[in-house]
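Subject: Structure handover

Hello,

I am passing this structure on to you, with notes on what was found in it. Please look through the model first and then read on.

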Amino acid sequence: MKNSADVIVIGSGLGGLECAHILSRQGLHVLVLERQQQPGGCMQSYVRGGLRLDTGLHYVGALAEGQSLHAAFRDLGLLRLPWRRLDAEGFDVVHIADESFPFAEGFDAFAHILAQRFPHERVALQQYVDAMQQVDFVAGSNVNAYDYLCGLFHDPLLINVLGGTSLKQELRRETLPWFSFAHLNSGFIESSWRLCGDGGMLVQSLVSDIEQQGGEVCCGSAVIELVEHDGQLVAARCANGETYTARTFISDIHPQLLLPLVQNSSMIKETFRRRIRALQNTRGMFTASLVLKPNTVPYINHNLYLYDEPNVWTQSELDGTTVGGVMVSSRVPNHPDSAFAEQVDLLTPMSWSLCQPYKGTEPGHRGAAYVEMKEQWAAACIERAERAIPALRGNVLKCHTSTPLTYASYNASPEGTAYGVRKDYANPMMTYLSPRTPISNLLLTGQNIMLHGIQGVTMAAYETCNILSKNINCKSSIVKLSN
Ligand SMILES: Cc1cc2nc3c(=O)[nH]c(=O)nc-3n(C[C@H](O)[C@H](O)[C@H](O)COP(=O)(O)OP(=O)(O)OC[C@H]3O[C@@H](n4cnc5c(N)ncnc54)[C@H](O)[C@@H]3O)c2cc1C
């Protein structure tokens, strides 16, 4: 391991690894420093009872040729992985009370299928999918998503249905910008895919390419200080006693975690620090990962989003203190031809206030009350899922759970936030962060700056690398995220 690099990346989440992949492909020597013992951040998987379970990867949008993520994933070597396309006639199905609403692949089909159930909203549905495809930051970041939908549609049930798959982002009526809502949903409408395997495969693919391209991913290396000299960063000091020097630094960690690392900076003024400290974070998630008895529960090639009532947009008022909507996502069977699922994940938002009392405890040693809370949440999620998938009843062999505290412990995510910084339509310029910082050789990437999720983080990685390539001498210009 060399102690100097062209670029140091702090954090090996998807964004950090993607930047390292892009830049090492340009001939730069890139060093990724990761505090955990394994890379990947929210993308990593973990082993229980010999099975690999996922954390933050369930599905991804827009991977088909010509679609928005295809070129980037081809460049990043990720199209080599085995992906399975979800059902075209309903890649997501929203259940509200006793009714099901499939989301069809393709914008026209999406509008057409919903218009069969909501014929009085046919014209508005077409306007909706047109607007989704045209949305840009300038026009969409200062528009409230909920108000936008209320202005377009008259049927409150349809407004709930359209928000129904948004457990993959924080569906906060008061703040969520139309740009974030439209961008995240439209990628999945283009086409939706599951990895045949666990998220660790994606991480491993990126890491092995980075290493082949001359880069290094160094785990167990928590950065505790970024050393500045004459207004530029020169070195990263790690908790393990190592110091690494570089010309340029990219931070893939939450900006609130970055501030203490640059506390002695002469370039970062108090106004910038105040702005970062004032950012609010999206809620965390509770996940129950179910291991199933063999050959009992049919594999479902789509996601289910389950709600007891049409209160999708008002659930944020409950603030994740009780189980609200539940997302059900099946892992693709290990034998691709098998008709039965082996693992199913159930996800629901969970408030940090429920985890706060256990802050400071170690995983596996948080006490009986925490275990009991997790069991209660898992039971409520399973009960909800069994109503939609009766075959689940009696066929759950094991249930492994994680909470926002799990993410806070492993990824150091503030308040266990699942999707990072909360974007606010009333304050877009403060809540959508630029990759640039007051220190010219320190750039930001990852889910906290623009959009979260695999697509948002990948866009951010290309944006960060494009800015960096203008600052330093790259072999060739960075590929843009377009086909
Ligand atoms: C439950 C859940 C389900 C999800 N499902 C999906 C999905 O199905 N599809 C989708 O598109 N998106 C999904 N997401 C979102 C997606 O996983 C994230 O947006 C993405 O992985 C975030 O990547 P990131 O690069 O921002 O970094 P992170 O994953 O946040 O990684 C940051 C890394 O930095 C490290 N770090 C922190 N401090 C330091 C330090 N001082 N020194 C060194 N390293 C440090 C951390 O350990 C971590 O590894 C999900 C998220 C969650 C939580």
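Which of the 37 residues around the ligand come nearest? They are Gly11, Gly13, Gly41, Gly56 and Gly446. Please keep in mind that this is a predicted model.

The ligand shell

By class, the residues around the ligand divide into 18 nonpolar, 15 polar and four charged. Domain 1 (4–58 + 199–279 + 422–471) and domain 3 (284–350 + 356–402) each contribute at least three residues to this shell. Among the secondary structure elements, α1 (14–25), β14 (284–292) and α15 (453–471) each provide at least two of the shell residues.

Helix α1

Is α1 mostly covered or mostly open? It is mostly covered, with twelve of its twelve residues buried. Among the buried residues are Glu18, His21 and Arg25, as well as Leu14, Leu17 and Ile22. The cover over the buried residues of α1 includes the strands β1 (4–10), β2 (30–33) and β13 (243–251).

The length of α1 can be checked against expectation. Its twelve residues, at 1.5 Å a residue, should span 16 Å, and this agrees with the model because the end C-alpha atoms are 16 Å apart. Gly27, which follows α1, has a positive phi, near 90 degrees.

Domains

The domain assignment divides the chain into domain 1 (4–58 + 199–279 + 422–471), domain 2 (103–190) and domain 3 (284–350 + 356–402). Taken over C-alpha atoms, the centres of domain 1 and domain 3 are separated by 30 Å. How many residues of domain 1 are in contact with domain 3? Seven residues of domain 1 are in contact with eight residues of domain 3. On the domain 1 side, the largest share comes from strand β4 (residues 51–54), with three residues. The residues on that side comprise two nonpolar, three polar and two charged.

Strand β7 (residues 92–96) is mostly covered, and five of its five residues are buried. Asp92, Val94 and Ile96 point one way from β7, while Val93 and His95 point the other way.

β7 pairs with strand β8 (residues 99–103) in the antiparallel sense over five bridges. The two strands form a hairpin with two residues between them, and Ala97 in the turn has a positive phi of about 50 degrees. β7 also pairs with strand β15 (residues 303–307), in the parallel sense and over five bridges. Val93 takes part in both pairings: this residue stands opposite Pro102 in β8 and opposite Leu304 in β15.

A three-stranded sheet

There is also an open sheet of three strands, in the order β5-β9-β6, with antiparallel pairing. Why is one side of β5 (60–61) and of β6 (83–85) left without a neighbour in the sheet? Both strands stand at the edges and have a single partner strand each, so one side of each has no neighbour there. β6 pairs with strand β9 (residues 192–195) in the antiparallel sense over three bridges. Within this pairing, Arg84 has Arg194 in β9 as its bridge partner.

Regards

How values were computed: Residues numbered from 1 in each chain as written. Predicted model: local features only at pLDDT ≥ 70, side-chain atom pairs only at ≥ 80, totals over all residues. Near = placed C-beta within 6 Å. Helix = DSSP H or I, 4+ residues; strand = E, 2+ residues; numbered from the N terminus. Nonpolar A, V, L, I, M, F, W, Y, C, P; charged D, E, K, R; others polar. Domains from an automatic or database assignment. Expected span 1.5 Å × (residues − 1). Buried ≥ 20, exposed ≤ 12 C-beta atoms within 10 Å, placed from the backbone. Contact = placed C-beta atoms within 7 Å. Pairing = 2+ DSSP bridges.
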